Amino acid sequence: MSVLDGVNSPKDLKKLNTDELNELCADIRKELINTVSHTGGHLASNLGVVELTVALHKVFNSPQDQIVFDVGHQCYTHKILTGRKEQFSTLRTEGGISGFTRPVESEHDIFSSGHSSTSISAAVGLARAKQIKGEKGKVIAVIGDGALTGGLAYEALNNSGNDNSNLIVILNDNNMSISRNVGSMAKNLTTIRTSKKYVTFKSKMQRSIAKIPKIGGDISRFITYVNTKIRKMVYKSTMFEDLGFRYYGPIDGHDIDDLIDVLSAAKAHNHSVLIHVNTVKGKGYSPAEKNPTQFHGIGKFNINTGEPLSKGKNFSSSFGDTMCKFAENDGRICCVTAAMAEGTGLCGFASKYPKRFFDVGIAEQHAVTFSSGLAKNGLIPVFAVYSTFLQRSYDQLVHDVAMQGLKVIFAIDRAGFVGEDGESHQGIFDTSFLNSIIGLTVFAPSYYDELESMFYEAIYKIDGAAAIRYPRGSEGVKPENYEYKHEDFTVFGDKNSKKCIITYGRLFSECYNAYQQLDDVFLIKLNKIKPISANVISYLDNCENIYFYEESIRSGSVGECFGSMLAENGVNAEYKHIAIDNEFVKQASVASQMKTYHMDTDSIIDEVVNGKGE
């Protein structure tokens, strides 16, 4: 029987000694590697925080002590320890547990997450609420050095103040992006300051001194002033101290005893604390340690070799190839990404054109405005970003791109359904908010060759900003002899048919499959979805039924805009808009999501023939 077999809740950790805790960590690593090899997920980050998570639940009492994981992609150990061990094999599967923190799953998941740099903001609010309500317990934000590149984290640190005595921030530094403190004095000082006895003694002494009549307050302030000066002399990184935190670190994030000591000291403290922990991403699994970027978010893989089970061309790699091709002949073209070089297919570009490649960190707002600056001085920036993360820079789209009339190209990856990553990652909102951006042109390729042609058009034929949105994964079924000829839309079949199906992007393949099996139906493929060409209306004169399909939230979508065009032009056909209603799309395979929302081939046929596709 393994140690993990006997751990079913955080309370079970309280009984374990150091040796048993280390065995538990080894058991958890085996479970992580085995499960993620079958389900895919964020492996390297989770392997890096096993000891830290175990120590957190050893020292604190969740959920009274509230733990907020930034992004939430490193919460797998937390899920195993908080009653979801038996369901862990269902990770990221339909009906299973999420790959991120979700309060609907457990009272131990305090905050629903999926995007970066939010944990400290949430923790500050949670901590203040506890203080106001007089509730017991600490609030702990666990944030990585990567997430600390996001501006929201600094806004939260600035707002945390000195009065959050129940706030603890743990900086999980797995890439040495913040300098290591050097020298034996720094190491010894950290050891002393993390002693629970020292913290308790210090608190009692300060209270005693403060009670001395007349001079007690002055003495206490002087001691605090001297302590601060000493800390600044010893520690190189004093930013956190300047913001009002007591800084402890760096701590070995894989040493259970050291972690328990420092967390216990922080728990006993009556002041806001920041603990700097060094961890190794991918710890305990050689392929992940050697290539943590690949194993940050990975699909199913061979557990013995670490090799992904699914390889081959996809839209992201096609985009990367396209950018390299264009950049070879045009020195103005540069690419920008927000810590997603591999995910967006830009590693090859970064290697080939390092002076024209910019990874700005997890800072989408900055990426857009930075791109505006590049464009203003004559370059042609292409910002590659996942649809779900583009949401974070709406203001910059309006104020710094559209209002300035600048030529910035947006390569919007993971548009539409994304599958197993679930609610926080679905690319179903960009069409709606992009529709409100004045002067922006939006393309929707269905195939790799279209993607290349549309980027060429966006770069060399369009005045002002443009966006090309494309799905995750590979292209679908393509009509024989079909060739994109830079038309705004393409018509398949007899326009005198009584029924018309209209769509764009990935869904075209599903609609085309259905069209081939239907009678008295023609098909319109929109290539440019903003603005929609007014000429398309002339093809609908004889229609009695029009069906518009899209992987988008309904409100503000392309289909909603198209419906307005029909009304404005007096088209009397019955219009059916198949989109996503007012809900977040849960995790499942893309194929299952298509079926659930009646966008697969069979559902389309059933709708057109029987009116039962929805």
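The structure is a predicted model, so local features need pLDDT of at least 70 and side-chain atom pairs count only at pLDDT 80 or more, while totals for chains, interfaces and linings use all residues. Residues are numbered from 1 along each chain as its sequence is written, and side-chain values use heavy atoms, with hydrogens and water left out.

Next, strand S9. Helices (H or I, at least four residues) and strands (E, at least two) are DSSP runs, numbered from the N terminus. Buried means under 20% relative accessible area, exposed over 50%, and partly exposed in between (1.4 Å probe, protein chains only). S9 spans residues 409-413, and five of its five residues are buried. In a regular strand the side chains alternate between the two faces of the sheet. In S9 both faces are covered, with Ile409, Ala411 and Asp413 on one side and Phe410 and Ile412 on the other. Two strands pair if DSSP finds at least two bridges between them. S9 pairs in the parallel sense with S8 (residues 380-386) over five bridges, Val385 having Ile412 as its bridge partner. S9 is also joined to S11 (residues 466-469), again parallel, by four bridges, and here Phe410 is partnered by Ala467.

As for packing, a nonpolar core is a set of buried Ala, Val, Leu, Ile, Met, Phe, Trp, Tyr and Cys residues joined through side-chain atoms within 4.5 Å. The largest such core has 58 residues, and Phe319, Met323, Phe455 and Ile501 have the most contacts inside it. Apart from it lies another core of 52 residues, with Leu21, Leu24, Val277 and Ala288 among them.

Most residues other than glycine have a negative phi, and most peptide bonds are trans. The bond joining Ser62 and Pro63 is cis, with omega about 10°, and Pro63 sits in the loop between helix H4 (50-59) and strand S1 (66-69). The peptide bond from Lys530 to Pro531 is also cis, with omega near -10°; Pro531 lies in the loop between strands S15 (528-530) and S16 (545-553). Val71, not a glycine, has a positive phi of about 65°. Val71 belongs to the loop between S1 and helix H5 (76-84) and is buried, with a relative accessible area of 12%. Asn481 likewise has a positive phi, of about 70°, but is exposed, at a relative accessible area of 75%.
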